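Morning, everyone. I have one structure to show and a few packing details to walk through. Here it is.

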Amino acid sequence: MEDTFQRIYEKYHHDLFQFLFYMVKSREQAEDLVQEVYIRVLKSYDKFEGRSSEKTWLISIARHVAIDWFRKQKTVKQRIFEKFDWEKSQIEDEHQPLPDEVVLQNEQVQWIYKALNGCTIDQRTVIILRYVQELSITETAEVLGWSVSKVKTTQHRAIKQLQKDIKSISEKEVAPIEKTRVE
């Protein structure tokens, strides 16, 4: 079991941490939740039947750990909409790409992080699984225990919400830059 655990840790630790970090938006909390995932994996690895990939199984456990954490919070709504600290970063590109492009462009990723606050937990989860973890629609459905059509619908709604929020965020951040240039 020790060899199996070491292999899982080395192969999937970054993915698990990244998924949980995007969900809870706190490095310290994500680190704690990753530990909870490993505890659950140790307790249940012998029950893993291999019907899905190991990564899908682990992300599914991480999702349940995150949901449990959200449920335990007294102020779930406040936690979901908590803002990221972006003071250290600056956006230099004034181009306003579509959400599909934004996910793939590192210079625009800050807008995505901000826009994720406007998504529901389900929408945020689908976006993270599909575009950050790069799972297929079928794998995402397996992780979430949903139908493929529910994943597609949720993804479509999430992208529409992101597009709306990114436009709003970009207008707020680009407008002050344009005003200073005119003056």
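Start at Leu20. Leaving aside its neighbours within four places in sequence, Leu20 touches Lys25, Ala30, Leu33, Val34, Val37, Ala62 and Ala66. Contact here means heavy atoms within 4.5 Å.

A word on the source. This is a predicted model, where local features need pLDDT of at least 70 and side-chain atom pairs count only at pLDDT 80 or more, while totals for chains, interfaces and linings use all residues. Residues are numbered from 1 along each chain as its sequence is written, and side-chain values use heavy atoms, with hydrogens and water left out.

Now the core. Leu20 is among the residues with the most contacts inside the largest nonpolar core, along with Leu16, Phe19, Val37 and Val41. That core has 36 residues. A nonpolar core is a set of buried Ala, Val, Leu, Ile, Met, Phe, Trp, Tyr and Cys residues joined through side-chain atoms within 4.5 Å. Buried means under 20% relative accessible area, exposed over 50%, partly exposed in between, with a 1.4 Å probe and protein chains only.

Which elements give two or more residues to this core? They are α1 (2-24), α2, α3, α7 (121-132) and α8 (137-144). α1 gives the most, with 10 residues. Helices are DSSP runs of H or I, at least four residues, numbered from the N terminus. There is also a second, separate core of 10 residues, which includes Ala115, Leu116, Cys119 and Ala158.

Next, the helix pair. The axes of α2 (residues 27-44) and α3 (residues 54-72) come within 9 Å and cross at roughly 125°. Axes are lines fitted to C-alpha atoms over the stretch in contact, and angles run from 0 to 180 degrees between N-to-C directions. So α2 and α3 are oblique to each other. Oblique is what remains after under 35 degrees (roughly parallel), over 145 (roughly antiparallel) and 65 to 115 (roughly perpendicular).

Who meets whom? On the α2 side, the residues include Leu33, Val37 and Val41. On the α3 side, they include Trp57, Ile61, Ala62 and Trp69.

Last, backbone. Most residues other than glycine have a negative phi. Lys25, in the loop between α1 and α2, has a positive phi near 55°. Glu134, in the loop between α7 and α8, has a positive phi of about 60°. Buried or exposed? Lys25 is buried, with a relative accessible area of 13%. Glu134 is exposed, at 66%.
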